[in-house]
Amino acid sequence: MASSSSLIKIFILVVAIAIGSANAQLSWDFYESSCPDLQDIVREVMTDAVFGERRMGASILRMHFHDCFVHGCDGSVLLDDTSSVRGEKGAAPNQNSLRGFEVIDEIKTQVEAACPNTVSCADILTIAARDGVELLGGPRWEVPLGRRDARNPPTPAEVNSNLPSPFSDFPDLVRSFAAKRFSARDMVILSGGHNIGFAQCFLFRNRIYNESNINSTYAAGLRANCPRTGGDSNIAPLDVPSAVFDNNYYRNLVNRRGLLHSDQQIFNGVSTDSVVQHFANDGAAFRRAFSETMVRMGNLSPLTGTAGEIRRNCRRNN
């Protein structure tokens, strides 16, 4: 019988064929000769970062999602604002929220020392997100490489209109994911990334004080650190009590313990209830599905060939 790793590689190949000629330029061995130590460098830096602060694995995964879901996986989320261009970092979903840029900076510094002007920031972020998940006990998947970096970031308005909101109801969430060619099932799978990480009080305050589809004991415990006024930046874990990558997020949803409004929306008398229940009961199925869907997300509209550039510093254009 084929191993799970072999099956995932077969799935990636099928996806690469299906999603068009631009993405077909991505390959597993893209840097095999030009930067053979790339994977080891990323892994070493991510290991230090996650062992220093376990939350960092979730932060890098979220950054990757926010990068891919706007203009595609092009590293544009890493660009600093300039005096003339306000990009993704200043958009409402990202400002004072995305974190871990210094980890990507450190990886890029070491990669540039080993392989100058060769590896894109977009590829570094994609590999780092995978490694962060694995270091927290999650699955490992093969990452097709060959992305290039965008020169022009999306506007804050584009970020706001493309990223699913934590305040969204179920129909809006489905539309947001469908716009990226993801099904409602895919949406449930990618939402499973919330089994690691934290959210700030202002993002779940209304839920714990005003919503009815929440476990009362769970809500009461959250109120202790998230008052009705003040404490906006106080944080709570998206998945309690688990501190590793697993399927406990789905069990929490079944028990009405979703932290964000958008979390609980996918198990709330809707068409995806059965998908949530399936993953709550079968952690191995979730791991396989998450690996496959992350590959597809990483293949969203990459720049390849001669498009874009290979940034020497991920925070600014060359």
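User: Which residues form a negative surface patch?

Analyst: This is a predicted model, where local features need pLDDT of at least 70, side-chain atom pairs count only at pLDDT 80 or more, and totals for chains, interfaces and linings use all residues. Residues are numbered from 1 along each chain as its sequence is written, and side-chain values use heavy atoms, with hydrogens and water left out. A patch takes residues with over 30% relative accessible area and no salt bridge, and like charges are joined within 9 Å; Asp and Glu count as negative, each charge being placed at CG of Asp or CD of Glu. Areas come from the Shrake-Rupley method with a 1.4 Å probe. The negative patch consists of Asp37, Asp40, Glu44, Asp48 and Glu106.

User: Which helix gives the most to the negative patch?

Analyst: Helices are DSSP runs (H or I, at least four residues), numbered from the N terminus. Asp37 lies in the loop between α1 (4–18) and α2, while Asp48 is in helix α2. With 3 residues, the top contributor is helix α2 (residues 38–52).

User: Is Asp48 buried or exposed?

Analyst: Buried means under 20% relative accessible area, exposed over 50%, and partly exposed in between (1.4 Å probe, protein chains only). Asp37, at 43%, is partly exposed. Asp48 has a relative accessible area of 55%, so Asp48 is exposed.

User: How many salt bridges does a search of the whole structure find?

Analyst: The criterion is a side-chain nitrogen of Lys or Arg within 4 Å of a carboxyl oxygen of Asp or Glu. One of the pairs is Glu112 with Lys108, at 2.9 Å between the closest N and O atoms. The search finds 16.

User: Why are Glu112 and Lys108 separated by about one helical turn?

Analyst: Both residues are buried. They sit in helix α4 (residues 101–114), and the separation is about one turn because they are 4 residues apart.

User: Which residue forms a salt bridge with Arg296?

Analyst: The closest N and O atoms are 3.1 Å apart. The pair links distant parts of the chain, helix α14 and helix α8, 110 residues apart.

User: How many of the 8 residues of helix α8 are buried?

Analyst: Helix α8 spans residues 184–191 and is mostly covered. Its buried residues include Asp186, Met187 and Val188. They pack against α7 (170–178), α11 (248–254), α13 (273–281) and α14 (283–298), contact meaning heavy atoms within 4.5 Å.

Notes:
Patch = residues over 30% accessible without salt bridge, like charges linked within 9 Å, V, L, I, M, F, W, Y side chains within 5 Å. Helix = DSSP H or I, 4+ residues; strand = E, 2+ residues; numbered from the N terminus.
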